[in-house]
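Thanks for coming. Please look at the model on the screen before I say anything about it.

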Amino acid sequence: MLRDEMITVFGGSGFIGRYVVRELARQGYRVRVATRRPNLAYELKPMGVPGQIQLAQANLRNKASVARAVEGASGVVNLVGILYESGGQTFSGLQERGARTVAETASEAGVKTLVHISAIGADPDSPSQYGQTKARGERAVREAFSGATVLRPSIVFGAEDEFFNKFADMARFAPALPLIGGGKTRFQPVFVGDVAEAAVKVLFDPAAAGRTYELGGPSVYTFKQLMEFILRTIRRRRLLLPVPFPAAGALGLLGEIAGKLPFVQPFLTRDQVELLKSDNVVGATDEGHPTLADLGIDAETIESVVPSYLIRYRKGGQFADKDYETVRETRA
């Protein structure tokens with residue numbers, strides 16, 4: 001039986017968004033997926049019963065379209081964010097001004113609850129534009145919708161992620177994987193299903209209103225340890241090559257240049273290099289924010305999930321030989 005509440009999800013056709021839409025549908029909510037290109041999101045409709053999931057065209061740079069998307073909604077989840085800038089899709093336009101537009105419009109429409117997905121690393125003093133605009137977006141949301149709940153995940157993993165898949169794919173062809181800054185940066189990868197469950201749990205929880213949650217998995221890894229894990233999982237021998245931050249910045253510039261070509265995504269940007277200079281773990285800022293455990297969520301590990309989708313990068317896929325020796329390392 002469907003609930004009465006309609007939930008509008010901005011960015012619902014993205015990686016995390018698809019899991020949020022699925023979790024909302026599973027719990028019986030009616031869902032309106034607000035996306036720039038509804039024609040590319042029809043795969044979401046079978047996640048619910050007929051009529052449960054609607055598609056709506058919306059662009060955060062067009063407030064009228066945002067207003068149409070939130071009309072009649074009881075709750076709003078905003079997942080819109082980018083990892084690099086491209087054309088009109090800028091950090092400030094989406095993660096700051098776009099976040100404000102969603103929060104202001106939701107407040108004006110009488111929406112009861114708003115969940116805003118930010119990121120660990122959101123900091124007005126961050127050396128990266130990504131981190132700065134995430135922080136300014138959080139502030140804008142709080143100013144426009146005081147009861148909004150903010151979720152800050154670490155790097156998110158799942159079958160469609162852009163971290164484990166990217167480096168596993170790179171390892172198929174490249175003789176070495178780069179250890180940016182020596183591979184010492186720490187991460188706390190969190191499963192996309194856990195992030196989606198958290199988003200839905202806090203949606204109508206009065207205790208979550210106005211709070212910020214930091215979401216991380218059960219274990220912390222260095223960048224180097226994650227590269228070693230990927231190579232063990234896909235059973236390939238590759239060099240692990242430390243790349244100092246100045247050299248990584250030069251690679252980031254090359255990535256940005258390549259990203260200007262049609263249909264090419266930058267493999268690295270200078271802004272991402274700046275992000276890698278700081279740890280991406282729960283509690284890194286010592287602010288004492290609640291976590292997945294406070295929501296009663298038992299976080300999945302990378303060991304229990306990631307091999308299931310990285311298996312395609314092995315030679316022979318699921319039929320690859322066992323007991324494969326994995327990692328060699330070299331010095332820069």
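Are Phe163 and Phe164 buried or exposed? Both Phe163 and Phe164 are buried. Keep in mind that this is a predicted model.

I'll stay with the aromatic rings for a moment. There are 12 aromatic pairs in the structure. A pair of rings is described by the distance between the centres and the angle between the planes. For Phe163 and Phe164, the centres are 5.2 Å apart and the planes are at 80°, which is edge-to-face. Phe164 also forms an edge-to-face pair with Phe229, at 6.2 Å centre to centre and 85° between the planes. Phe229 is buried, as is Phe164. Ring pairs join these residues into a cluster, whose members include Phe157, Phe167, Phe187, Phe191 and Phe223.

The charged end of Arg3 sits over the ring of Tyr29, 4.4 Å from the ring centre. Lys277 lies over the face of Phe245, and here the distance to the ring centre is 5.6 Å.

Now the strands. Strand β2, residues 30–35, is mostly covered, with 5 of its 6 residues buried. β2 pairs with β1 in the parallel sense over 5 bridges, and Ile7 has Val31 in β2 as its bridge partner. Between β1 and β2 the chain passes through helix α1, residues 15–26, in a right-handed β-α-β crossover. β2 also pairs with β3, again in the parallel sense and over 5 bridges. There, Val33 stands opposite Leu55 of β3.

That's it from me.

Definitions and conventions
Residues are numbered from 1 along each chain as its sequence is written. This is a predicted model: local features need pLDDT of at least 70, side-chain atom pairs count only at pLDDT 80 or more; totals for chains, interfaces and linings use all residues. Side-chain values use heavy atoms; hydrogens and water are left out. Buried means under 20% relative accessible area, exposed over 50%, partly exposed in between (1.4 Å probe, protein chains only). Helices (H or I, at least four residues) and strands (E, at least two) are DSSP runs, numbered from the N terminus. Two strands pair if DSSP finds at least two bridges between them. A crossover is right-handed if, with the strands pointing away from the viewer, the path from the first strand over the helix to the second runs clockwise. Rings of Phe, Tyr and Trp (its six-membered ring) pair if their centres lie within 6.5 Å; planes under 30 degrees apart count as stacked, over 60 as edge-to-face and the rest as tilted. A charge sits over a ring if NZ of Lys or CZ of Arg is within 6 Å of the ring centre and within 35 degrees of the ring normal.
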